[in-house]
Every structure is written in structure tokens, then in C-alpha cells.
Amino acid sequence: MTEELNLVEIAKKHVLLLQSRKALKGRCPFHTDETTSLMIIPHTNMFKCFGCGAEGGPVEFLMRIENKSRNEIISRLAKQNFPA
Ligand SMILES: [Zn+2]
């Protein structure tokens, strides 16, 4: 289920993404970023920030953006995919 999450689609809602050679770059939402430290690599579905060291996949991105635990994110996503 979580493997199907598209990190680029999620990140686009929060960060203005600029295309660079192999990745997308943007201002990191997890620290005060004056440059574009955040890199999103579409083919691995991972992000990495060279400023604050944040990294991970779509679930980690949502955990940080929403300041929630992994379980909260996963159970919310499960509800979205399979509404009761
Ligand atoms: Zn950062």
C-alpha cells in the first residue's frame, strides 16, 4: 500500500519543485531553507535534504510534514484507500 504512494505528488502539495538533472529540488519544508537543499529522486521515490539531513520515502515525508507518528500516517492512508 505505502509502496504505491507517489512522493513527487505528495511533495508537490507542500514544496515548489524544480526539475534538475536527475532529481527534483525544492526548499526544504523541514528547516529554514534559504536555498534548495531538498532533493527528491522520482525513480527511487525517496527524498533527502542536504541541509538538515531529513531523508526517507513518502511515509517519512508525511510524518515530518504533519508531525505525526508512522502508525498515524499508515492508518490514515489505509482509511483513505479503504473507506469504512
Ligand atoms: Zn531540510
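Analyst: Helices (H or I, at least four residues) and strands (E, at least two) are DSSP runs, numbered from the N terminus. This is a predicted model, in which local features need pLDDT of at least 70 and side-chain atom pairs count only at pLDDT 80 or more, while totals for chains, interfaces and linings use all residues. Residues are numbered from 1 along each chain as its sequence is written, and side-chain values use heavy atoms, with hydrogens and water left out.

User: Where does N45 lie?

Analyst: N45 lies in the loop between β3 (38-41) and β4 (46-49). In this hairpin, which has 4 residues between the strands, N45 takes a positive phi near 60 degrees.

User: Is N45 buried or exposed?

Analyst: N45 counts as buried, at 18% relative accessibility. Buried means under 20% relative accessible area, exposed over 50%, and partly exposed in between (1.4 Å probe, protein chains only).

User: Which backbone atom lies 2.7 Å from a polar atom of its side chain?

Analyst: For the side chain of N45, that is the backbone oxygen of L5. The backbone nitrogen of L7 lies 2.9 Å from a polar atom of the N45 side chain. A polar contact is a pair of N or O atoms within 3.5 Å; within protein, one must be able to donate a hydrogen and the other to accept it, and residues adjacent in sequence count only if both atoms are side-chain atoms.

User: Next topic: what is the order of the strands in the sheet?

Analyst: The order is β1-β2-β3-β4-β5, in an open sheet of 5 strands with antiparallel pairing. β1 (18-19) and β5 (55-56) stand at the edges with a single partner strand each, so one side of each has no neighbour in the sheet. Two strands pair if DSSP finds at least two bridges between them.

User: How many bridges join β3 to β4?

Analyst: There are 4 bridges between β3 and β4, and 3 bridges join β2 to β3. I40 in β3 is the bridge partner of L24, and I40 also has F47 in β4 as a bridge partner. L38 is partnered with C49 in β4.

User: Which residues coordinate the zinc ion?

Analyst: C28 (SG), H31 (ND1), C49 (SG) and C52 (SG) coordinate the zinc ion, at 2.0 to 2.3 Å. Donors are N, O and S atoms within 2.8 Å of the metal (3.2 Å for Na, K and Ca); water is not among the atoms, so sites may look incomplete. In sequence, the donor residues are spaced C-x2-H-x17-C-x2-C.

User: Is C49 buried or exposed?

Analyst: C49 is buried, with a relative accessible area of 1%, whereas C52 counts as partly exposed at 36% relative accessibility.

User: And helix α2, which of its residues are buried?

Analyst: In α2 (residues 58-66), P58, V59, F61 and L62 are buried. They lie on the same side of α2, because they cover an arc of only 160 degrees around the axis. The arc is that of the directions from the helix axis to the C-beta atoms.

User: What do they pack against?

Analyst: The buried residues of α2 pack against α1 (7-12), β3, β4 and α3 (70-81). Contact here means heavy atoms within 4.5 Å. After α2 comes N67, whose phi is positive, near 55 degrees.
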